[in-house]
Amino acid sequence: AVAAAVALLAIVDRVLAERGLAGTAAVDGARLLRATLHGFVALETAGGFGMPRQIDVSFDRAVDALDVGLRALGQDVR
């Protein structure tokens with residue numbers, strides 16, 4: 001489990017760095033990524049997506065929106 005967590009963290013770090021996030025911006029980005037993916041999976045597992053739309057399509061759009069959001073965080077100078 002530890003090796004898997006280390007490997008996953010390396011992937012997340014690389015994704016964030018490729019979008020210009022470092023330091024505290026990377027922490028914000030990691031939280032955004034984790035919260036979005038965790039929330040989506042939790043809702044799907046609980047049957048929380050009852051609307052007539054393919055879940056895969058919504059997930060793909062969520063990932064696209066995450067990419068835009070992470071890139072915007074990388075441009076933020078706060």
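## Starting at Arg-19

Arg-19 is found in the loop between H1 and H2. Helices here are DSSP runs of H or I with at least four residues, strands are runs of E with at least two, and both are numbered from the N terminus. What you're looking at is a predicted model, where local features need pLDDT of at least 70, side-chain atom pairs count only at pLDDT 80 or more, and totals for chains, interfaces and linings use all residues. Residues are numbered from 1 along each chain as its sequence is written, and side-chain values use heavy atoms, with hydrogens and water left out.

Is Arg-19 buried or exposed? With a relative accessibility of 18%, Arg-19 counts as buried. For the cut-offs, buried is under 20% relative accessible area, exposed is over 50%, and partly exposed is in between, using a 1.4 Å probe and protein chains only. Setting aside neighbours within four places in sequence, Arg-19 is in contact (heavy atoms within 4.5 Å) with Asp-67, Leu-70, Arg-71 and Gly-74.

## A network of salt bridges

How many salt bridges does the structure hold? There are 3, each being a side-chain nitrogen of Lys or Arg within 4 Å of a carboxyl oxygen of Asp or Glu. The idea behind them is simple: side chains of opposite charge can pair when their charged atoms come close.

One of them joins Asp-67 to Arg-19, at 2.5 Å from N to O. This pair ties together distant parts of the chain, with Asp-67 in helix H3 (residues 55-75) and Arg-19 in the loop between helix H1 (2-18) and helix H2 (23-45), 48 residues apart. Asp-67 itself is partly exposed, at a relative accessible area of 24%. Arg-19 also forms a salt bridge with Glu-18, where the closest N and O atoms are 3.6 Å apart. Glu-18 counts as exposed, at 53% relative accessibility.

Asp-67 has another partner too: its side chain meets that of Arg-71 in a salt bridge of 3.1 Å, N to O. These two are 4 residues apart in helix H3, so about one helical turn separates them. Arg-71 counts as partly exposed, with 41% relative accessibility. Through shared partners, the salt bridges join Glu-18, Arg-19, Asp-67 and Arg-71 into one network.

## The largest pocket

The largest pocket has a volume of about 250 Å³. A pocket here is an open set of points on a 1 Å grid over the protein atoms alone, where a 1.4 Å probe fits and there is protein on both sides within 12 Å along at least five of seven lines; lining residues have an atom within 4 Å of a point. The volume is the space filled by probe spheres set on the points, with grid points joined across faces, edges and corners.

Among the residues lining the largest pocket are Leu-8, Val-12, Asp-13, Arg-34 and His-38. H1 and H2 are the elements that give two or more residues to this lining. By class, the lining has 7 nonpolar, 1 polar and 2 charged residues. Nonpolar covers Ala, Val, Leu, Ile, Met, Phe, Trp, Tyr, Cys and Pro, charged covers Asp, Glu, Lys and Arg, and the others, Gly among them, are polar.

## Stepping back

The protein has 3 helices and 0 strands, and its elements run α-α-α from the N terminus on. Its C-alpha trace spans about 40 × 30 × 15 Å along the principal axes. Of the 78 residues in the protein, 14% are buried. Among contacts between residues at least 6 apart in sequence, 59% join residues at least 24 apart.
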